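Please consult the sequence and the model shown below while reading.

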Amino acid sequence: MHSLPLLLALLAGGPAPAADDPAFSACLSRLRAQSAGEGVPAAAFDRFTRDLAPDPSVLELLDAQPEFTTPIWDYLAALVDERRVRQGRQMLAQHDELLARVEAAYGVDRHTVVAVWGVESDYGQQFGTRPLLSSLATLSCEGRRQAFFRGELLALLKLLHAGDLAPEGLRGSWAGAFGHTQFMPSTYARIAVDFDGDGRRDLVASIPDALASTANYLHRAGWRRGERWGWEVRIPASLDLSSSRTLDDWRARGVRRIDGAALPPGQGRAALLAPAGRNGPVWLVAANYRAIRSYNAADSYALAIALLADRLRDDAPPRTAWPTDDPGIDRDARQRLQRLLLARGHDIGEADGLIGTRTRRAIVLEQLRLGMRPADGRAGKKILEALEREAR
Ligand code: CA
């Protein structure tokens with residue numbers, strides 16, 4: 001089935017985009033030859049790339065420097081919010097039997113698998129909005145990481161040619177991560193498994209394939225069955241935060257669990273993680289945290305998965321507050337904030353709960369108007385409460 005916009009485009013003479021851009025056309029021809037040498041025949045290459053047009057907006061994103069910085073508590077407020085906890089618990093109930101089989105096959109607990117799913121794609125609700133082939137083809141032909149993206153494009157074409165995935169409507173992040181688990185194509189090629197037994201590894205259309213592939217990723221990254229990712233701890237004031245030691249060593253140096261209980265005995269290595277320094281929460285993190293972090297090498301991200309998994313297994317949330325008098329706000333509150341900004345006439349698009357550049361610029365203007373300092377564009381509790389008070 002053609003979508004309506006595509007039909008209109010066809011009626012209007014059909015897209016002939018690559019031909020309009022000689023450099024892009026020439027680049028595609030070179031990729032076509034390269035792909036043929038690596039198992040994607042020219043006819044298949046043509047079928048998958050026929051209507052591609054370059055998308056210059058991904059090049060802007062490739063080179064974008066962050067205009068605003070985001071403190072870790074803002075990431076966590078949005079990624080580990082009550083809505084995601086509630087929906088995660090629904091997913092645990094709904095996919096109980098599948099998750100039991102995934103646990104048995106890969107040794108990764110269901111709470112972590114579902115937490116990755118929740119953070120990566122909001123349980124399959126957010127696959128990304130950009131046409132995947134266009135993004136990867138553009139980044140393969142222009143910009144400063146062409147060799148990397150050519151590898152990703154080729155990996156994707158191989159998956160399509162093998163019939164793992166349907167090419168129609170394939171969307172992802174601007175940089176090429178896609179599906180329930182937001183794998184890059186090369187990771188997909190290496191890690192994805194067919195868990196529903198239909199002979200295809202489909203991380204877009206099959207939840208069993210997606211959840212088993214997530215567990216396989218963590219398993220291959222060194223996951224240890226039955227172990228915790230880490231513990232919130234209290235530490236002696238003089239302790240050096242920077243080293244990696246065995247749990248027995250840390251215990252001997254006076255590190256205790258936050259509730260005062262002793263750490264479990266063990267020779268496994270663990271490191272202290274203090275994303276906001278000694279005045280914020282401190283965790284001792286072990287092998288399974290490192291496995292989660294290898295999925296996406298940022299502590300804000302890994303901690304979101306770890307803490308969401310804790311909430312899903314009914315463990316207590318962190319006891320120590322983040323060192324700020326202006327806490328982060330969850331997605332529902334972000335939408336309320338955006339509706340207040342819209343009501344004040346700011347052109348920020350839809351109130352979707354995603355804090356982008358336009359929302360931040362509008363917040364800067366409101367912070368300046370209200371005399372709030374710093375006027376940093378942060379979507380936090382203070383600006384939300386100030387606008388709510390005014391609107392009453
Ligand atoms: Ca399958």
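How many salt bridges does the count come to? By the rule that a side-chain nitrogen of Lys or Arg lies within 4 Å of a carboxyl oxygen of Asp or Glu, the count comes to 32 salt bridges. The model is predicted, with local features needing pLDDT of at least 70 and side-chain atom pairs counting only at pLDDT 80 or more, while totals for chains, interfaces and linings use all residues. Residues are numbered from 1 along each chain as its sequence is written, and side-chain values use heavy atoms, leaving out hydrogens and water.

**Disulfide**
- One disulfide (a pair of cysteine sulfur atoms within 2.5 Å) is found in a search of the whole structure.
- This bond joins C27 to C141, with an S to S distance of 2.0 Å.
- C27 belongs to helix α3 (residues 22–37) and C141 to helix α10 (residues 132–141), so the link spans distant parts of the chain, 114 residues apart; helices are DSSP runs of H or I with at least four residues, numbered from the N terminus.
- Both C27 and C141 are buried, where buried means under 20% relative accessible area, exposed over 50%, and partly exposed in between (1.4 Å probe, protein chains only).

**Salt bridges**
- E38 pairs with K158, their closest N and O atoms being 4.0 Å apart.
- Because E38 lies in the loop between α3 and α4 (42–49) and K158 in helix α11 (residues 146–162), this pair ties together parts 120 residues apart in sequence.
- R200 forms a salt bridge with D202 at 3.1 Å; R200 is partly exposed at 28%, whereas D202 is buried at 5%.
- A network of salt bridges links D109, R228, D310, R313 and D315.

Methods: Helices (H or I, at least four residues) and strands (E, at least two) are DSSP runs, numbered from the N terminus.
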